[in-house]
Amino acid sequence: MTTRFDALTRPKSGDDHRVSSKHRSIGFVLAFVGLMLAAVTLIANIAAANSDTDTGTTAAWSFGLTVLGFGTLKLAIGLVLVGILVRLWFRVTAVKEACANLKPDAGAPEPRGTIQTEFGECTETAEAPGPLPIHRMARTMWFPMLAMGYMLVVVGFVLSLVWSGKVEDGTQQAAQAWTQGVQFLGEGMLLAGISFLLGSILAALREGGGTLQQSLGLAVRTLKMPKTAKLFVGFMVAGLMVSMVQFVLYIAAASITNPQSFAAWSAWLGPFREFGLGLLLAGIVLALVTIGNVLAFQFSRVREIITTGK
Amino acid sequence: MATNTEFNYEVTDDSPGYNRPQTMGNRLWAPMFAMAIMAFPVALVLSWVRASTIADAAGPVDIEDAARLGHLVAAFGFIGFLGVFAAISFAIARILGRFRKGGGEIQESVGGDVHTLRMPVTAKVFMLFMMMGMMTIGVSVVLHFVAAAGVGTWELESVARWGEVLEGFRRFGVAMYLFGIAFGLGTITQVLRFQTIRVGQLAR
């Protein structure tokens with residue numbers, strides 16, 4: 001399974017690195033579709049607020065449609081990230097060839113174990129280190145998370161239409177709870193899928209950097225997992241857990257018949273599910289920051305190889 | 001020596017370093033992240049207070065309190081989203097900066113010309129939508145505070161309508177941010193393609 005999903009993030013034999021990324025083009029089109037769905041709900045909300053007859057019907061379906069728009073945008077971001085992964089492997093091949101030609105011959109130095117660099121602590125080994133457990137997990141989980149997340153968002157949109165149809169007779173509470181719970185579980189899974197793709201990018205940088213140095217017969221320097229990466233994993237796990245808990249709580253809220261109690265539950269469940277998404281997004285920030293730091297380390301290392309041959 | 005006629009790039013003797021948006025990205029991702037981390041819990045705590053007010057509501061004063069708190073919860077929650085999406089955007093700009101600076105320095109160390117991709121259209125779309133998203137959510141947040149302050153003097157129906165319209169704007173602001181982020185990441189793909197081609201030329 002891992003291999004099958006991992007193959008989607010690597011160039012196929014015969015692919016040309018000079019050709020523009022299809023993932024990127026399709027991602028941009030999907031992102032535009034998502035933006036338009038959100039624009040429709042903005043117009044609908046303004047119209048509903050100025051209408052004397054609308055009693056919440058628009059708010060119901062526009063909620064579902066907005067989250068569907070957000071889901072489509074997140075799917076687009078996921079697709080663009082797959083495109084980045086494919087490009088990273090092209091880059092590894094190109095840098096390997098370039099370094100082999102440009103590196104001065106300085107012999108093979110002895111690995112020194114753990115050393116300190118300006119980018120943080122790193123290990124120096126004779127061979128490229130294997131992937132960390134979190135990297136293997138990221139490579140396995142990104143696809144199921146994106147697929148299940150988007151399906152839940154679509155199911156939630158259908159539920160929002162049911163909710164909308166029940167507003168007139170005042171029996172919408174269960175449909176409302178199911179819509180919100182299902183859609184935000186989907187949103188959480190989509191963000192987790194994006195997080196796993198960012199984890200896969202970090203894995204590709206680690207593996208690519210290691211094999212590059214090993215192929216040149218050099219001591220393999222690999223940055224140890226930085227604090228930002230550890231925090232990224234922590235935020236992601238916490239965010240995903242909150243997304244699951246909010247789903248369970250919405251199912252519980254669906255059985256509440258007293259309107260006042262239901263309103264009280266809804267009042268805090270909304271911000272609670274947003275708190276979960278906030279945690280996942282905070283993790284994504286830290287993953288991106290980690291990628292930036294690893295890139296700076298790798299550029300510095302390639303420069304060192306080209307100038308000193310060590 | 002042309003890198004690829006399809007790319008618009010500049011040729012210099014040394015690495016151009018970070019451009020202004022990338023410098024901003026380096027400096028601002030952390031404060032924006034901190035703002036988000038503080039705002040989300042505030043919104044959550046206020047929502048618990050509001051839930052308790054609704055559960056115990058017995059008169060018009062409680063209904064006004066719930067309406068006021070509703071606007072405050074939305075305002076703080078979306079200060080959080082504004083901060084976290086801004087932090088993501090700045091972190092992407094920071095990555096683009098790493099490619100620009102690092103790619104330039106490697107070419108410089110090899111000797112000869114340094115080829116650097118000029119800012120692509122996708123990067124401009126990224127910045128434009130990030131700014132529009134930020135402004136849309138920012139203005140909505142300010143108006144939520146205005147509506148919260150208006151509870152008691154405005155009609156409750158007006159307060160509710162403000163909430164409905166602002167919700168639409170907030171959501172659209174988030175969509176604009178996400179659209180911009182997709183284009184920011186798409187720019188990284190483009191930079192990777194340019195640099196891969198350039199590295200191949202350096203080897204020859």
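From the N terminus on, chain B runs β-α-α-β-α-α, giving four helices and two strands. Keep in mind as you look around that this is a predicted model. Chain B meets chain A through 59 of its residues, which are in contact with 65 residues of chain A.

**Shape of chain B**
- The C-alpha trace of chain B spans about 80 × 25 × 20 Å along its principal axes.
- Its radius of gyration is 23 Å, whereas a compact globule of 204 residues would have one near 17 Å.
- Buried residues account for 53% of the 204 residues in chain B.
- Of the contacts in chain B between residues at least 6 apart in sequence, 85% join residues at least 24 apart.

**Where chain B touches chain A**
- 59 residues of chain B take part in these contacts, and the elements giving two or more of them are helix 1 (20–55), helix 2 (60–110) and helix 4 (156–203) of chain B.
- Helix 4 of chain B gives the most, with 27 residues.
- By class, this side of chain B has 38 nonpolar, twelve polar and nine charged residues.

**The largest nonpolar core**
- This core has 168 residues, and those touching the most other members include A:Leu81, A:Leu288, B:Ile88 and B:Ala182.
- Helix 7 (residues 259–308) of chain A gives the most to the core, with 26 residues.
- Beyond its neighbours within four places in sequence, A:Leu288 is in contact with A:Leu198, B:Ile88, B:Ala91, B:Ile92 and B:Ile95.

**Helix 4 of chain A**
- A bend of about 40° falls at A:Met141 in this helix, and a proline, A:Pro144, follows within four residues.
- At 1.5 Å a residue, its 34 residues (133–166) should span 50 Å, which agrees with the 47 Å between its end C-alpha atoms.

Note on methods
Residues numbered from 1 in each chain as written. Chains lettered and ligands numbered in written order. Predicted model: local features only at pLDDT ≥ 70, side-chain atom pairs only at ≥ 80, totals over all residues. Expected span 1.5 Å × (residues − 1). Bend = angle between axes of the 7 residues up to and from the residue. Contact = placed C-beta atoms within 7 Å. Nonpolar A, V, L, I, M, F, W, Y, C, P; charged D, E, K, R; others polar. Core = buried A, V, L, I, M, F, W, Y, C linked by C-beta atoms within 7 Å. Buried ≥ 20, exposed ≤ 12 C-beta atoms within 10 Å, placed from the backbone. Rg over C-alpha atoms; globule rule 2.2 N^0.38 Å.
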